Amino acid sequence: MGTLFVDKLDPQSGTALEIGSSGDTITIPSGATIANSGTATGFGTAGTNSFSVAGSGNQTSIADNTWTLITFDSENWDTDSCFASNKFTAPAAGKYFFTANLSIYAATDNGNSIAGRFYKNGSGDSQTASQLDLAGGSNIMSLFNWRVTGVLNLAQNDYVELYGKFNMNSGTATAPAARSFMGYRVA
Amino acid sequence: MASLSTKVKLYCTANSKTADFGPEGNVSLQDDSDGKGPYIASWSVSGLAQPSDSDLAAHDTAGNTEETNNTVRSTRKAAYGDIGDQLDEIYKDIDAWKVRIKAIKDANPKS
């Protein structure tokens with residue numbers, strides 16, 4: 001095995017440079033760093049654009065039977081500043097994983113149905129909808145920590161929000177500080 | 001002021017229709033948490049036009065009554081207790097059960 005000492009590799013002609021062939025393994029040894037300052041496609045994106053947000057206090061006056069934007073004003077982390085004003089905005093086209101804890105309780109009277117889903121660009125995404133209905137409209141649901149999860153295929157600048165809905169016997173609901181929303185890019 | 005969902009339900013009932021807020025329902029209400037409050041995001045009640053603000057306002061008083069009575073119903077239901085226990089109570093002494101139920105109703109009157 002020989003060692004090639006050069007400071008730069010450029011294509012002999014054109015603009016495409018290929019390293020290795022199909023079936024080869026290109027290894028970056030332990031202790032070495034590969035630094036990307038350009039555009040990486042096909043690798044290096046999983047786990048990026050990570051964020052985790054929560055509420056700093058109660059979100060009150062959530063109306064009965066109404067898809068309501070859940071607000072988040074406390075950031076645990078936001079690696080690429082993609083989260084602001086209660087929404088995640090995709091910095092680039094790709095597939096993104098999202099999960100949220102829709103923590104909600106009936107402030108006045110119990111309910112019989114809880115639902116959550118992500119909204120993409122202002123429209124509800126039914127494939128991420130998560131709902132529980134009690135048969136016969138039995139109003140015995142008081143508090144829920146309801147999980148909403150999904151992978152969304154986003155274009156650059158598409159934005160994602162969390163909406164929740166609680167069908168109560170009467171009155172309003174409250175989303176306590178335990179509510180949370182997190183996600184990251186997977187591809 | 002009555003909630004939008006209550007007024008929508010009453011508006012539909014008054015026109016012999018039923019509002020369904022479920023995932024495949026005919027009405028969807030939304031609140032974007034921007035201070036503007038809930039609004040009707042989609043409406044597909046067959047044979048009935050989406051209500052105007054004045055249509056909804058006409059049901060505000062009845063809506064308040066309905067919501068107050070819903071709370072009363074909930075309080076009464078909790079006080080009545082388990083239906084199985086009540087059947088046992090009726091079997092053993094139906095008159096005593098009637099007295100107890102009446103006392104609960106009297107203590108929690110509807111509007």
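# A tour of chains A and B

Begin by selecting Lys92(B), which is exposed at a relative accessible area of 63% (exposed means over 50%, buried under 20% and partly exposed in between, with a 1.4 Å probe and protein chains only). This is a predicted model, in which local features need pLDDT of at least 70 and side-chain atom pairs count only at pLDDT 80 or more, while totals for chains, interfaces and linings use all residues. Residues are numbered from 1 along each chain as its sequence is written, chains are lettered from A and ligands numbered from 1 in the order in which they are written, and side-chain values use heavy atoms, with hydrogens and water left out.

**Helix α4 of chain B**

Asp88(B) is partly exposed, with a relative accessible area of 38%.

An α-helix has 3.6 residues a turn, so residues three or four places apart point the same way. Move along α4(B) to Lys102(B) and Asp106(B), which also lie four residues apart, about one turn of the helix, and whose side chains form a salt bridge of 2.7 Å, N to O. Lys102(B) counts as exposed at 51% relative accessibility, and Asp106(B) is exposed with a relative accessible area of 51%.

**Helix α3 of chain B**

Next select residues 60–80 of chain B, which make up helix α3 with its 21 residues; the helix reaches 30 Å from its first C-alpha to its last, close to the 30 Å expected at 1.5 Å a residue (the expected span being 1.5 Å times one less than the number of residues). Colour the buried positions of α3(B), among them Asp60(B), Glu67(B), Asn69(B), Asn70(B), Arg76(B) and Tyr80(B), and then show α1 (4–14), α2 (53–57) and α4 (83–107) of chain B, against which the buried residues of α3(B) pack. Just after the helix, Gly81(B) takes a positive phi of about 90 degrees.

From there, go to Ser46(B) in the loop between β2 (39–43) and α2 of chain B, an exposed residue at 60% relative accessibility. Its C-alpha is separated by 8.1 Å from that of Asn26(B), although the two are 20 residues apart along the chain.

**The nonpolar cores**

Turn now to chain A and select Phe88(A), Phe98(A), Phe118(A), Leu154(A), Phe166(A) and Phe181(A), which touch the most other members of the largest nonpolar core, a set of 30 residues (a core being buried Ala, Val, Leu, Ile, Met, Phe, Trp, Tyr and Cys residues joined through side-chain atoms within 4.5 Å). The elements giving two or more residues to this core include β7 (94–106), β8 (111–120), β11 (143–154) and β12 (159–168) of chain A, and the largest share, six residues, comes from β7(A). A second, separate core has 13 residues, including Leu4(B), Ile40(B), Trp43(B) and Leu56(B).

Centre on Asn49(A), which lies in the segment before β1 of chain A and is buried, with a relative accessible area of 7%. Leaving aside neighbours within four places in sequence, its contacts (heavy atoms within 4.5 Å) include Thr79(A), Asp80(A), Cys82(A), Phe88(A), Tyr96(A) and Arg185(A).

Then select Ser81(A), in the loop between β4 (74–78) and β5 (83–84) of chain A, where phi is positive at about 55 degrees although the residue is not a glycine; Ser81(A) counts as exposed at 65% relative accessibility. In the loop between β5 and β6 (87–89) of chain A, Ser85(A) likewise has a positive phi, near 50 degrees, and is exposed at 62%.

Finish with Lys8(A) and Asp10(A), whose side chains meet in a salt bridge of 3.6 Å, N to O, Lys8(A) being exposed at 62% relative accessible area. Over all chains the count comes to six salt bridges. Last, select Ile19(A), an exposed residue at 60% in the segment before β1 (51–54) of chain A.

Notes. A salt bridge is a side-chain nitrogen of Lys or Arg within 4 Å of a carboxyl oxygen of Asp or Glu.
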